[in-house]
Amino acid sequence: MKRLQLLGFIVGAVVWTAPIFSRVCEFKLSPLPYEYDALEPYISKDIMQLHYESHYKGYLSKLNALLKETSECAVSVEELLKRLDTIPGSIRTAVVNNAGGVANHTLFWKSMSPTGKRKPGGKMLRALKDKWGTWEKFKDEFTRAAKGVFGSGWVWVCADAQGMLSIVTTTNQDSPLSQGLIPLLNLDVWEHAYYLQYFSKRDAYIDAWWQVVDWTAAQNLYSSIGTKQTLE
Ligand code: MN3
């Protein structure tokens with residue numbers, strides 16, 4: 001075999017096999033990037049432990065059981081949520097709930113930290129100001145949306161493929177990925193996220209959450225819009 005032919009063969013083999021090898025049929029836990037008590041006094045150790053150990057791990061083990069049952073594999077949990085129409089109808093709702101539960105919490109852990117960037121800067125801050133006028137107006141709008149979610153759900157800052165920002169609310173574990181949006185930052189307003197500490201006072205939890213928000217991951221995701229990384 002000539003060298004050029006050999007090279008063609010190797011490249012062809014890599015291109016052909018790459019999608020198979022990069023698909024995963026059992027997903028792993030994303031570690032919590034800080035200790036359970038790191039967000040105190042704003043979010044208690046008990047809440048973080050219960051949220052991570054029970055709720056988040058529960059979604060992951062149910063998702064993995066579903067994938068095993070149906071031999072469904074994916075490049076990422078996020079990729080599953082982007083192509084729900086290809087998931088068998090018999091398990092689609094369970095995938096929405098459990099893949100959503102995994103992806104939503106994975107972003108939520110990164111949307112907070114004990115010593116994070118409490119306000120974005122650079123390109124992202126400019127985009128927020130373009131859309132909402134001022135940082136304070138954005139914050140008010142996001143807070144109002146979070147307080148207004150009826151029942152269990154989430155509030156998000158998302159971008160579209162052009163980088164246009166929006167505040168989005170979803171119910172249950174639905175993900176904006178399934179609407180073609182790019183999630184950048186989120187806040188969990190399910191009762192399990194605050195009840196142990198704040199009881200029925202969701203407003204107090206949301207106000208406290210602003211003390212532990214971290215925009216680092218959101219800014220990184222925003223910077224990668226339009227690059228290959230977001231084009232899965
Ligand atoms: Mn939760």
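Buried residues, defined as those with 20 or more other C-beta atoms within 10 Å of their own, where C-beta atoms are placed from the backbone, make up 29% of the 232 residues in the protein chain. Residues with 12 or fewer such atoms are classed as exposed, and those in between as partly exposed. The model is predicted, and local features need pLDDT of at least 70, side-chain atom pairs count only at pLDDT 80 or more, and totals for chains, interfaces and linings use all residues. Residues are numbered from 1 along each chain as its sequence is written.

The protein chain contains nine helices and three strands, in the sequence pattern α-α-α-α-α-α-β-β-β-α-α-α. These elements are DSSP runs numbered from the N terminus, with helices (H or I) of at least four residues and strands (E) of at least two. Among contacts (C-beta atoms, placed from the backbone, within 7 Å) between residues at least 6 apart in sequence, 70% join residues at least 24 apart.

The three strands form an open sheet with the order 2-1-3 and antiparallel pairing, where pairing requires that DSSP finds at least two bridges between two strands. Strand 2 (165–171) and strand 3 (182–188) stand at the edges with a single partner strand each, so one side of each has no neighbour in the sheet. From one strand to the next, the twist averages 25 degrees. Strand 1 (residues 153–159) is joined to strand 2 by seven bridges, and Cys158 stands opposite Ser166 in strand 2. Helix 4 (residues 89–110) packs on the sheet, touching strand 1 and strand 3, and its direction makes about 80 degrees with that of strand 3. Helix 6 (residues 135–148) lies across strand 1, strand 2 and strand 3 and runs at about 10 degrees to strand 2. Such angles run from 0 to 180 degrees between N-to-C directions, with axes fitted to C-alpha atoms, for helices over the stretch in contact.

A nonpolar core is a set of buried Ala, Val, Leu, Ile, Met, Phe, Trp, Tyr and Cys residues joined through C-beta atoms within 7 Å. The largest has 32 residues, of which Val155, Leu184 and Ala218 touch the most other members. Elements giving two or more residues to this core include helix 2 (45–70), helix 8 (202–209) and helix 9 (216–223), while strand 1 gives the most, with six residues. Beyond its neighbours within four places in sequence, Leu184 is in contact with Val157, Cys158, Ala159, Ala218, Leu221 and Tyr222. A second, separate core of 16 residues includes Leu63, Ala74, Leu80 and Ala103.

The axes of helix 6 and helix 8 come within 10 Å and cross at roughly 145 degrees. At this contact, Thr143, Ala146 and Lys147 in helix 6 meet Arg202, Asp203 and Ile206 in helix 8.

Several backbone features occur in loops. Most residues other than glycine have a negative phi, and most peptide bonds are trans. A cis peptide bond with omega of about 5 degrees joins Glu40 and Pro41, and Pro41 is found in the loop between helix 1 (3–21) and helix 2. Ser71, in the loop between helix 2 and helix 3 (77–82), has a positive phi of about 55 degrees although it is not a glycine. Ser71 is exposed, with 7 other C-beta atoms within 10 Å. Asn172, in the loop between strand 2 and strand 3, likewise has a positive phi, of about 50 degrees. Asn172 counts as partly exposed, with 15 C-beta neighbours inside 10 Å.

Definitions and conventions: Two residues are in contact if their C-beta atoms, placed from the backbone, lie within 7 Å.
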